[in-house]
Amino acid sequence: MEELDTTWLLIDTYTENCGNNKSTMDPALINFKVLYVLTQLCGLTMIVLVGTWIGQHYGGLGGSSNPKLEFNWHPLFMTIGFIYLYGNSILVYRGFRTTRKKTLKLTHAGIHMAAFILTVIALKTVFDSHNLADPPIPNMYSLHSWLGLSAVIIFGLQYVAGFTAFLVPGMRENYKIALMPLHIYFGLFGFVLAIASAVMGLTEKAIFSLGANYSTLPAAGVLANIIGVLYVIFGALVVYLATEPSYKRKPLPEDTALLASNGAE
């Protein structure tokens, strides 16, 4: 009988603890997790759809011997690097909030570097596809190209400034504090500019390849429009998750200890 009473006591205690954990769980954190997963699904979907779009409607991928097919690397690598990875590098601090800040800094920089490499390759393929075409196609005349290159330049400057200020030892703490708001603003500005440029690029490609047919909504045009909508949704979710104050990562004890030790040095 005593064993039975003890068992029921353990069950009651476990149930009470579970109830307390649920009641004390931050609702904002629950919302963040749901929206974060939705953001990842949206991002992965747009990558798959871009691959489908260029594979089914534009002949797939190719090298410099076929400039039209080489161009197709451009939307694919831009989507993976300059939109999906760029967005995830922005969210890494909030998405992995229980990880040490030093690790997150290195991860943030690493994802940015991967995004930059893919972006450079994507730029090379688009210039090759123009310069190697017969006859050659002019470069840098459209609004898409102007805004896109501007976004890449901002991205590159951001990386250099962020790496120098927050990863290279020796930068004074007050300089880091002063630079942080600018780093956050121009990071988000560059990302929004990349989204806008990508939407323009999709429209430009659809108009050039489909011509008047675009107005009849062929499969290639519909798919391009859907990808564009996913770009906008992904971008909106990233900006919201990165700017909502209640989703901000709280410093861990080891972060505070690391900061104190750096200050002592």
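Start by selecting Arg172 and Tyr175: the charged end of Arg172 sits over the Tyr175 ring, 5.5 Å from its centre. (That call needs NZ of Lys or CZ of Arg within 6 Å of the ring centre and within 35 degrees of the ring normal.) Next, pick Arg97, which lies over the face of Phe32, 4.9 Å from the ring centre.

A quick note before moving on: this is a predicted model, where local features need pLDDT of at least 70 and side-chain atom pairs count only at pLDDT 80 or more, while totals for chains, interfaces and linings use all residues. Residues are numbered from 1 along each chain as its sequence is written, and side-chain values use heavy atoms, with hydrogens and water left out.

Now for ring against ring. Rings of Phe, Tyr and Trp (its six-membered ring) pair if their centres lie within 6.5 Å; planes under 30 degrees apart are stacked, over 60 edge-to-face, the rest tilted. That gives 15 aromatic pairs. Then try Tyr159 and Phe163, a stacked pair at 6.2 Å and 20°.

Last stop: go back to Trp53 and show its contacts (heavy atoms within 4.5 Å). Leaving aside neighbours within four places in sequence, Trp53 touches Tyr58, Pro75, Leu202, Lys205, Ala220, Leu223, Ala224 and Ile227.
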